[in-house]
Amino acid sequence: MLSYTSHCLQALLGVASLPYRQYQAYSSPQAPLQVPQVPQAGPPITTLVSSCAGFSYPEVACIDRYGSLLQGEFERKVRNVLGDADTYISTNAPSEPTFSDLQNADFLVWNQSAAKAILGPNPHVDFMFSIEDCSHEAPVYVPTTNELYFSRLQQGFLPQLVINLNNDPPTLEEKLAQPPIYAATGARFRDGLLYLATIGGNESLAGYTFRPGLYTLDPITGKTQALLNNYYGYYFNAVDDLDIDHEGQIWFTDNGNTAFLLHTLPTPLPTPPIKQSS
């Protein structure tokens, strides 16, 4: 399921410790002196989940201190599953009395001061499209066409998935670039072009040879161009993500653990070490 939603940040609320009372025991001439028992000061107890000013609760829930403190026992299990839908709400926190309210929340707010500007006066979640039950990556908004691009990580699947925001309601389309882009996992838009990092590798798929690397896609013409597909003769394992700095330099990662998912190439080589001169 793909929800056409507002994504939000969340608020840092103040921390208030619960006060305690000191009870004094008074003695009479006949009674022995009683030493008052003063409770030991413990860590401050916070309300992890609370309402956000101006929003209905628990549909919009504010998280205290970015969730940095959880009371008692808690566990969020790690599962090595591609496309796992595990989220913060999956945490088991039985000693945290307000944590269960997150099950009914549509938006988690980590920065309350930014909530109204991001969510607007009446935030809500609408179901938009049914999509394949597999991993989807590389979402990127294209302002020149008012479209949202993303990819489907599936063996042999070559089109890009595109949400056309010019239609009311928005529509989901498949667009096949020329030449196609195989398994994009990272994307940025800059100066009219999409910059894509890919992990797909295949010697012969739909008449093309694919190598993991960096590619550009012109959303107006649908034409693509390869920027980088090797490191001094080494092919990449899986160019999994990228970013572009203010000087126009592209930074990217070359992961080894995802390469086998969409590779039919020979076993990928480990990333060569970088030798530093003494």
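Two strands are taken to pair if DSSP finds at least two bridges between them. Strands of a sheet pair through backbone hydrogen bonds, either parallel or antiparallel. The model described is a predicted one, in which local features need pLDDT of at least 70 and side-chain atom pairs count only at pLDDT 80 or more, whereas totals for chains, interfaces and linings use all residues. Residues are numbered from 1 along each chain as its sequence is written, and side-chain values use heavy atoms, with hydrogens and water left out.

Strand 6 is joined to strand 7 by five bridges in the antiparallel sense, and His136 has Arg152 of strand 7 as its bridge partner. Strand 7 (residues 147–152) pairs in turn with strand 8 over four antiparallel bridges, with Ile163 of strand 8 as the bridge partner of Leu148. Strand 8 and strand 9 (residues 171–175) run antiparallel and are joined by five bridges, and these two strands form a hairpin with six residues between them; Leu161 has Glu174 of strand 9 as its bridge partner.

Strand 8 (residues 160–164) is largely enclosed by the rest of the structure, because five of its five residues are buried, a term that means under 20% relative accessible area, as against over 50% for exposed and in between for partly exposed (1.4 Å probe, protein chains only). From this strand Gln160, Val162 and Asn164 point one way and Leu161 and Ile163 the other way.

The largest nonpolar core has 13 residues, and those with the most contacts inside it are Tyr149, Leu194, Leu196 and Leu217; such a core is a set of buried Ala, Val, Leu, Ile, Met, Phe, Trp, Tyr and Cys residues joined through side-chain atoms within 4.5 Å. Strand 6 (136–142), strand 10 (184–190), strand 11 (193–198) and strand 14 (213–217) each supply at least two residues of this core, and the largest share, three residues, comes from strand 6. A second, separate core of eleven residues includes Ala61, Ala93, Phe99 and Trp110.

In helix 1 (residues 112–119), Ala114, Ala115 and Leu119 are buried. These residues cover an arc of only 125° around the axis, which puts them on the same side of helix 1, the arc being that of the directions from the helix axis to the C-beta atoms. On the other side of helix 1, Ser113, Lys116 and Ala117 are exposed. The cover over the buried residues of helix 1 includes strand 3 (60–63) and strand 4 (107–109), and just after helix 1, Gly120 takes a positive phi of about 80°.

The chain has one helix and 17 strands, and buried residues make up 35% of its 278 residues.

Definitions and conventions:
Contact = heavy atoms within 4.5 Å.
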